[in-house]
Amino acid sequence: MARVTLRNISKEYDGISAVRDLSLEIKDGEFLAIMGPPGSGKTSTLKMIAGIESPSSGEIFFDDKPMERIAPNRRNVAMVFETYALYPHLSVFDNIAFPLRSARRGVRYSNEEINKRVRDIADLLEISMLLEKKPAHLSGGQRQRVGLGRALVRNPVVSLFDEPIAHLDARLRYRLMGDLKRIQIERKATILYATPDYFEAIAIADRVVALFGGEMKQIGTPMEIIKHPASAEVARFVGDPPTNLLLARVVRHDDRLWFKVFENDILVPNKTREALDKANFENGVLIGVRPSDILVSRAEMEAPAFPTKLYVAEYFHRKTVLTLSIGAKRIRASTTPDFGGRVGERIWVRFPPDKIFAFDPNTLLVLPASDQPVHRET
Amino acid sequence: MRRTNFRRISWIRRVAPYVLLTLWTVIALFPIYWVLVTSLKNPGDVITSPPKFFDFSPTLDNYRVVLGLARYVGLGDIVRVDFIEYLKNSLIIIPLAVVLSLALGLPVAYVMARFRFKGRENLYFFYISLYFMPPILILIPLYLVFIRLRLYDTYLGLILILQLVNLPLVVLIMRSFFEDISPEIEQSALVDGRSRLGVFFKITLPLAMPSLMSTAFLCTIFSWNNFLFGVILSRTRTQPVTVGILAFKSYEAILWGQMAAASIITALPVLILAIFIQRYIVRGLTLGAVKG
Amino acid sequence: MASITLTNVWKIYGKGQNEIEAVTDLSLDVRDGEFLALLGPSGCGKTSTLRMIAGLEDITRGEIYIGSRLVNNFHPSERDIAMVFETYALYQHLSVYDNIAFPLKVRGLKGGEINAVISKVAETLEIGDILKRKPTHLSDGQKQRVSIGRAIVREPSAFLMDEPISHLDLVLRSNMRREIKHLQKDIGITTVYVTHDQLEATTMADRIAVMKLGNLQQLATPQEIFESPTNTFVGSFVGEPPMNFVEVEVQKTTNGMVLKRQDFNVEMSNLAITQALQARTEPRVILGIRPMHIKACASLVEGSMPGSVYVTETLDEYNIITVEIGKQRILVETAPEFCPKPDEIVWLFFPEEKLHFFDLHTGQRICSHRRTGLKGCTNDNEYNRANCVKTINLHLREGAIWPE
């Protein structure tokens, strides 16, 4: 197990920047999730740590040892590829056993040990009956599990997972998420887990890195990411449904600051006041409010509340998600599962002032940056 | 009434393609049939007019003479061809040439598929361009060069010049195949602990086998059938079998029957090879498309 | 607008020895204006059913009515339905406008009328600004909307959709789900929607027909399916996290009975259920309960059983705890504040009225508690925030029982 440090890592392909100035320290035995939309640089980052790709600039250290000159086969990392990358000419058993048989200096496994390890992992992943088959005869979900098995069968210094459970059915996803977390705790393994699904990231990670456009926008515990998003991108990515973002003007009267939202004035919370006072936001601010924080009612509510038209109501077992339209804009609110809702119905909506986030419309950073645990490590 | 007409028309439509195909097959296979038949005829039967297609008494004498098991008696024992020698020459030269092409061509194909470097496409085009040029253009200067380098009438000389035929094929086919293998499979093997060389031999080559076999087979066919280099760049010691067949034509007589028998014998090794390779290629193809 | 009725419909492929029953004796009805989802894993017959309704496949046995017309022998073009495919099936060489105008021209409408119809559709689907483009220059979401637009202009009696959004990425899929549902409610057109994604079916449909291997498992509203699945398949297929199933043995006790499996013990006192279970010859049953209905506490509570925490997953609105009781792994949903560490002991309480019982061999439902006047689930997470011991009695209610 090791500590992994990335310092000012950048990666370019043909002039296009995949990763920009990324600095990160992954603690020994930590489960770190790298969360971001497709194309945000997650896979590139993992490949650079594995040694398959070299950074265009910057350094990588395992426990303070620089990794520049060390080939992937000497780094003792395990990787699960998004594309599985199984060996087509080998059986499932041989695929999983491959890393154990690839002679590394000093480490040799006996046949019995290989047998036992492979079968144990196969049991865990429910693929024991497939051990003699070749990858061509497996379904997508089965192939994914073989890829997982190949990585789990070892005890590497760092394990890198690239969207490892994307193609599995719900039951298996839940089971494997739990199993992965458990294995990590038991082995005290250092794991990096890349996923575009925020759900997976916050469910099992100790800390989450939010990666957008190759840049790290935030790093923190799952709670911090959800409750205190450091940028509008993060806020928009997390949550089901995700945080609503709206452009609002800032007005001053009665010696106080207000957000003007849909002709309503909402008091600016104290923590945001300072930031707005200092800078000049003539063109408005981006405000964010989470669907679960919005208050909805069929009966008229007192100001600052405004009427909306129900675009569609969706029933989820533990909540109902309402898509509400105001003019050309749409916002989402979640409420009790028995709300019902007819298309076209009028619903009154109120944003509680203390649940509103404010973001700078240009940099997309949250306002104020002061008391938020935002990390932009350099 | 309309119904019956309809049925009859469709009956004709169904049969017509088969008739045409059969006709075409007959035309296409006729030369082979004729050679086979000629090889089984007595000298007298060979040149009859009108030609005899079926009604002759077959004999294996031609084969016996060609293989050196009997001696041709007649016409004063003028023509004597040591066919076995020619066959032996080809059986030595061609396999070695193919092995050399693979050994030289595979690394080139792999490097071109995996790495980017300046002039890569130019180099690739150079290999392909070797096929644009008719070899006969260079044969005279080549002849002179060979004499100077003492490669004339040697096995080594022919093996080397056959690379002109084989290498472009190897590079062309194998590069495209290597590109088709997802780099992530090799990356995965690296991460799993293999060295680059280990990855090449344990992962890349086994995956490339079917393609490799097909390529090797094609090279074998082209090399085996090559006539031009054999006829110009070799003489008494190293003439391949393609040239050997010509020996049955002399001033006095053309020994058609024996020439035909020699042709059939020449075709056999490659045919047998094809049967073996066939199975391998089909088996390998099922491994082919495992993407993702 | 029309209803669709299937009566004892069969679809059999092949002959004799090689017969495959894709759809077996299916009877269902789609009400006028209803959004019905055909839900099931691949190979369950949902697509075959849809294609039979459309007329793209022959009906081996049974009748299909669209409205009051028996359409078994009608050509697809005569059935007055419109189909939306996963692959859009747009005409690549025509602009968006011409694609949508196509069915109208076929019907003989004139330029002016066509224009009027298309403007209205473009407004509804928000594709007004791309009318001149060709399909190759459209995004996936746009292509799907054009595909739907082309189906709408025919003003059919019903829409048939075959997994139209399953290949799109997550964000786009969420958006398209909402748009399709909104559209369907806005226009009010009868829709049959095939999908393998239970989330799509739950959020979009008025009723869901769950199918497996050609057989209809349950036809009910999403709520009913969630609360009263008719068998273990439906219970496990719908709902995330998936339902917990435990094979238990019914044993008599002085007060009623207990359900046992090694360390797993649940006491039952409800008379009607007890009688129903004990009347059976097979003493073993499958107990089913949803993760959100199990109560978890940090300390002992009457009627609860201890388990060791295997792992805790923290989500934004709730946590999922995997608890090991003996060799059984149970998933429990709890409030976000309840976050035990691995290997800690927690106490699980299984409220009687949330238990489902299934036959061991067939997986069919035997009986369960059901609250009368079904309105919806209460927010059971409130329970976990409060003091477990005191509030336990509040959640035991008598209700009607449906022995089956």
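Student: Which residues of H2(A) are buried?

Tutor: A residue is called buried if 20 or more other C-beta atoms lie within 10 Å of its own, exposed if 12 or fewer, and partly exposed in between, with C-beta atoms placed from the backbone. In H2(A), the buried residues are A:Val92, A:Phe93, A:Asn95, A:Ile96, A:Ala97, A:Phe98, A:Pro99 and A:Leu100. Helix H2 of chain A (residues 92-101) is largely enclosed by the rest of the structure, because 8 of its 10 residues are buried. Please note that this is a predicted model, in which local features need pLDDT of at least 70, side-chain atom pairs count only at pLDDT 80 or more, and totals for chains, interfaces and linings use all residues. Residues are numbered from 1 along each chain as its sequence is written, while chains are lettered from A and ligands numbered from 1 in the order in which they are written.

Student: What covers the buried residues of H2(A)?

Tutor: Helices (H or I, at least four residues) and strands (E, at least two) are DSSP runs, numbered from the N terminus. The cover over the buried residues of H2(A) includes helix H3 (111-124) and helix H4 (140-152) of chain A.

Student: How many residues does each chain bring to the contact of chain A with chain C?

Tutor: Two residues are in contact if their C-beta atoms, placed from the backbone, lie within 7 Å. Chain A brings 27 residues and chain C brings 28 residues. On the side of chain A, H5(A) gives the most, with 8 residues. As for classes, Ala, Val, Leu, Ile, Met, Phe, Trp, Tyr, Cys and Pro count as nonpolar, Asp, Glu, Lys and Arg as charged, and the others, Gly among them, as polar. The side of chain A that touches chain C has 16 nonpolar, 5 polar and 6 charged residues.

Student: What can be said of chain C as a whole?

Tutor: Chain C contains 11 helices and 22 strands. Its C-alpha atoms fill a box of roughly 80 × 50 × 40 Å along the principal axes. Of the 404 residues of chain C, 40% are buried.

Student: Into which domains is chain B divided?

Tutor: Domain bounds come from an automatic or database domain assignment. In chain B, domain 1 covers 2-79 and domain 2 covers 83-286. Taken over C-alpha atoms, the centres of these two domains of chain B are separated by 32 Å. In chain B, 16 residues of domain 1 are in contact with 15 residues of domain 2.
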